[in-house]
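Work through the exercises below. Try each task before you read its solution.

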Amino acid sequence: MGKVPFLKMHGLGNDFVVLDFRRGAVPISPTGARTLAERRTGIGCDQLILLEPPQHPAAQVLMRIRNADGSEAEACGNATRCVADLLFRETGDPRVRIETVAGLLEAEAIADGGVSVDMGPAHTGWRDIPLARAADTDHVELSLGPLEDAVCTNLGNPHATFFVNAVEAVDLAALGPALEHHPLFPERANIGVAAIRDRNHIRLRVWERGVGITSACGSGACAALVAAWREDGHVIMTGPATLSFEGVFDADLLAES
């Protein structure tokens, strides 16, 4: 079947395998995505990023996201920065638009080499997140272990944020899976635990839906900020995008999976 080129990128440690399918695609099944994401026998990543020809006339690319478990995610802030950085280098344009399942995202190169992404407005209605029942999304009656009083938000994908005194004291590896799959979340949810240090700093850990604990979560950071200091309007996320290496893999790897 031939060789398939890929890029390995990350945003603050949240890592991705990027496949450019704009000029020809290779079928990627959920099992194939899991195979590539496997860290011991595949390439290894939190998410697989598929670049396809855009469907929206204002976009430069359509970005699809597969989680490490093979499921599809609607949005990923760190991946958006990485894809935007590729487009900056490719087009020479410091402003690009990336189409996602969650909508059109605008990104801009900033002076220090980072990338700024307009994540769009935060959705806080219970149907928009979505939740399985009506609830005050500022104070959702959801608890497990030391976690309670969740703030639920949608930043392209569903998030439940719990505020605690010390995020390191929370056994997120044990609590995250049960909360991700809680019946309250018909589309599952990303689970964040956050501690407000001061007006300018929040300490955050995230159990990502379909992935597990990740080094960073861009949309989760946005959700925590909205949950802590909720205001109307768009959420702007800024940070680095890093190319780690590039390579090829044998397409037979996907056929075997």
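The radius of gyration is taken over C-alpha atoms, and the globule rule is 2.2 Å times the number of residues to the power 0.38. The model is predicted: local features need pLDDT of at least 70, side-chain atom pairs count only at pLDDT 80 or more, and totals for chains, interfaces and linings use all residues. Residues are numbered from 1 along each chain as its sequence is written, and side-chain values use heavy atoms, without hydrogens and water.

**Exercise 1.** Compare the radius of gyration of the protein chain with the globule rule.

Step 1: take the 257 residues; the rule puts a compact globule near 18 Å. Step 2: the protein chain has 18 Å, so the two agree.

**Exercise 2.** Find the aromatic pairs in the whole structure.

Step 1: rings of Phe, Tyr and Trp (its six-membered ring) pair if their centres lie within 6.5 Å; planes under 30 degrees apart are stacked, over 60 edge-to-face, the rest tilted. Step 2: the search gives 2 pairs. F6 and F245 sit 6.1 Å apart, centre to centre, with 85 degrees between the planes: edge-to-face. This pair joins strand β1 (residues 3-11) to strand β15 (residues 242-250), 239 residues apart.

**Exercise 3.** Is F6 buried or exposed?

Step 1: buried means under 20% relative accessible area, exposed over 50%, partly exposed in between (1.4 Å probe, protein chains only). Step 2: F6 has 8% relative accessibility, so F6 is buried. Step 3: F245 has 41%, so F245 is partly exposed.

Definitions and conventions:
Helix = DSSP H or I, 4+ residues; strand = E, 2+ residues; numbered from the N terminus.
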